[in-house]
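Hello,

Please open the model first and then read on.

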Amino acid sequence: MKTIYFTFFILLIALSIRAKVVTSNESNEISKDINENDDDFICFTTEIDDDEETEKPVETDDDLICFTTEIDDDEETQKPVETDDDFICFTTEIDDDEETEKPVETDDDLICFTTEIDDDEETEKPVETDDDLICFTTEIDDDEETQKPVETDDDLISTTEIIDEEETETPSSITQTNEKEEETEKVTETPKEEEVNTPPSYYEEEEEEIDFEELLKEGFDEEDIEIYKNYENLRRNVAFNGERLLDVYYDKYDTKNKKPVVIFIYGGSWVSGNKLRYTKFGVLLEQNNYVGVVPNYELFPQGTVEDMVEDVYNIIHWTYQNIERYGGDPKRIILTAHSAGAHISALTIVKSVLHQKNNGIQLEDLPYLEKAVLMNGPYVLNGEVVLHTVVQTVVNFFKGLFGKKEKEETKSGADTSQNGNIPKFILKYFNDNKISPTNILKKVEKNGISNHFNIGKFNFFYTSEDESVPESSAKNLIKEIERTSPDAKCEYYYREGLKHATLIYGIRDGNPEYENIYLDLIRN
């Protein structure tokens with residue numbers, strides 16, 4: 001009897017093992033049959049059980065005709081398996097806790113599309129589907145980390161996005177793994193690291209060593225030297241025309257936000273001047289959200305007027321081509337100049353727009369300038385200018401000798417070391433129409449310049465006590481600009497009580513009143 005029970009128990013175990021094998025084989029056969037996609041097959045969605053690494057069928061409607069998907073781990077995409085043309089599909093939502101895909105209820109006639117993930121572009125692209133594609137939009141629920149279909153118009157053939165907490169998600173019937181989401185978050189965080197404000201490496205290149213002790217011996221102001229030596233937001237001695245040098249004042253830690261650019265061309269009677277003396281102009285501009293460019297240019301008698309024009313011409317072109325790397329906007333360049341610098345700047349503008357030759361080379365149009373601010377410039381060197389200078393010098397001499405001595409307006413003064421060259425310059429260029437922008441324009445027919453000199457606006461500045469240049473100098477040039485180019489805009493600013501260089505010396509002294517006058521000329 002015991003033998004019979006034992007035999008019966010062994011038979012039960014054998015039958016149980018056989019049943020499991022048959023069940024497993026049948027399940028595999030079903031899976032194979034589904035992927036073969038017979039015409040009349042009824043398919044099911046799947047959920048992924050990571051613990052058992054199996055796919056289990058989920059109950060669906062009897063008449064649902066679906067498509068299966070294959071997971072390509074290398075490309076992290078799901079690709080549709082070929083199905084009938086008129087297949088009806090379903091959307092899925094992701095349940096991260098269970099790591100499964102569950103079917104979401106959709107309209108009976110909904111025709112969907114699958115998407116492929118392009119890792120290089122980090123985008124999802126729709127796969128070609130029927131012309132009458134009806135899509136759905138998705139909204140992202142960050143708390144539940146799921147995609148839910150949003151009701152859309154029946155004929156909508158595109159997808160919209162509802163963004164929760166500034167995270168972007170494109171609609172798809174294919175979900176992404178948690179690993180892919182983590183990669184996307186890393187990509188999103190990358191720009192934040194790039195936004196750290198550090199000067200680009202090429203700004204950290206060592207500058208040529210400057211002998212500041214020698215500069216003191218040459219008579220440069222000690223305060224100017226200290227500022228020039230220690231000011232952080234300054235790139236010194238950048239070459240722009242052979243051995244000619246300029247300085248750039250800019251915010252080294254903010255070169256992404258493009259700022260307007262101001263070039264300053266100093267005066268000095270064509271015979272003196274140095275960019276180091278005008279370092280406070282550069283500092284003033286940089287601290288008022290401009291990029292400042294302060295260059296040197298050739299002086300007489302080492303060079304000619306044409307050499308000076310060549311330098312200013314190259315300064316403007318260099319600025320347009322290079323200023324972006326210093327945080328400047330090449331479309332917003334403002335040219336400012338005083339006295340002899342204003343004369344050379346105006347001459348450069350006129351010769352360029354007329355494509356005249358300079359030093360044997362035909363000049364091309366200058367880049368567009370937002371403004372040209374010309375202050376106390378002698379735009380013609382004729383008897384009127386010379387007489388005005390002589391008369392004012394004599395008057396001022398007797399005022400100081402017999403009258404009440406005027407209060408000194410500024411501490412800074414002109415560099416007088418080269419004043420002996422001024423008479424030589426006047427003798428060389430007196431009544432020379434080729435160096436006068438006013439006289440050059442007089443030979444141009446009315447309305448002969450069509451592009452308003454490629455300058456948005458001219459701002460002319462003159463002072464009532466100018467002992468060097470008569471007021472007619474600016475007014476006559478304005479008249480010729482407006483005659484030859486009616487579209488050109490000219491504004492004339494006149495200040496009472498100031499001498500020829502009061503504004504310039506005041507800025508060098510750090511006087512806020514004169515700083516604001518200069519800034520207003522730039523802004524207006």
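Let me begin with the largest cavity: its lining consists of Ile349, Ser352, Val353, Asp365, Leu366, Asn451, Phe453 and Asn454. A cavity here is a set of points, on a 1 Å grid over the protein atoms alone, where a 1.4 Å probe fits but cannot get out, and lining residues have an atom within 4 Å of a point. The space in this cavity is about 50 Å³, where a volume is the space filled by probe spheres set on the points, with grid points joined across faces, edges and corners. Its lining has 4 nonpolar, 3 polar and 1 charged residues (Ala, Val, Leu, Ile, Met, Phe, Trp, Tyr, Cys and Pro count as nonpolar, Asp, Glu, Lys and Arg as charged, the others, Gly among them, as polar).

Before going further, please note that this is a predicted model, in which local features need pLDDT of at least 70, side-chain atom pairs count only at pLDDT 80 or more, and totals for chains, interfaces and linings use all residues. Residues are numbered from 1 along each chain as its sequence is written, and side-chain values use heavy atoms, without hydrogens and water.

The second largest cavity holds about 40 Å³. Its lining divides into 9 nonpolar, no polar and no charged residues, including Leu374, Pro437 and Phe458. Helix α7 (340–353) and helix α11 (472–484) each give two or more residues to this lining, and α7 provides the largest share with 3. (Helices, H or I with at least four residues, and strands, E with at least two, are DSSP runs numbered from the N terminus.)

Now for the sheet. It is open and mixed, with 8 strands in the order β12-β13-β15-β14-β16-β19-β20-β21; two strands pair if DSSP finds at least two bridges between them. β12 (234–241) and β21 (490–499) are at the edges with a single partner strand each, so one side of each has no neighbour in the sheet.

Strand β16 (residues 328–338) has 9 of its 11 residues buried (under 20% relative accessible area, 1.4 Å probe, protein chains only). β16 runs parallel to β14 (residues 259–265), with 6 bridges, and Lys259 has Gly328 as its bridge partner.

Enjoy exploring the model!

Best wishes

Terms used:
Buried < 20%, exposed > 50% of the residue type's maximum accessible area, 1.4 Å probe, protein only. 1 Å grid on protein atoms, 1.4 Å probe; cavity = no way out; pocket = protein on both sides within 12 Å on 5 of 7 lines; lining within 4 Å.
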